[in-house]
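Work through the following exercises with the sequence and the model at hand, and compare each step with the solution given.

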Amino acid sequence: MRITASTVSLTVEDIAASRDFFTEHLGYREQAAADGFASLARDDAAVDIVLLRRGTDVLPPGRRDRHADGLILAFTVTGLDAEERRLRSEGVDITMPLREEPWGERLFQVTDPNGVVVQFVEWVTPDHS
């Protein structure tokens, strides 16, 4: 097997709100769209995103009314501080402020209008002093 792309499918209530959030603030572009569906992509290594409206019949019956809850969409980035400043200046609510974990992970989180948590990560060498 050779994987040629990766996509995460998120079930949300308001597709337009999530689509606008990802295209306006995170550099995604819409590849395709129809009633209850939008496909988003970037030109770098970021995972593609498919947004499906909650309740759509393309989902298995037991999963149609579930919401993308408990999921964290994490992106490893360069220039973490600058991204946090940029998003804040664009009015994006920073739902977890910039922090550094003892194992060397620097991160912050934002949440899209449908409650999808997006985490931005930059790895540093931990200080073991």
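**Exercise 1.** Locate Gly115 and decide whether Gly115 is buried, partly exposed or exposed.

Solution. Begin with the chain: Gly115 sits in the loop that links strand E7 (105-111) to strand E8 (117-123), where strands (E, at least two residues) and helices (H or I, at least four) are DSSP runs numbered from the N terminus. The model is predicted, with local features needing pLDDT of at least 70, side-chain atom pairs counting only at pLDDT 80 or more, and totals for chains, interfaces and linings using all residues. Residues are numbered from 1 along each chain as its sequence is written, and side-chain values use heavy atoms, leaving out hydrogens and water. Next, take the relative accessible area of Gly115, which is 32%; because buried means under 20%, exposed over 50% and partly exposed in between (1.4 Å probe, protein chains only), Gly115 is partly exposed. Finally, Glu13 lies 102 residues from Gly115 in sequence, yet their C-alpha atoms are 9.7 Å apart.

**Exercise 2.** Describe the open sheet formed by 4 strands, and find its edges.

Solution. The strand order is E1-E4-E3-E2, with mixed pairing, two strands being paired if DSSP finds at least two bridges between them. Strand E1 (7-12) and strand E2 (29-34) are the edge strands, each pairing on one side only.
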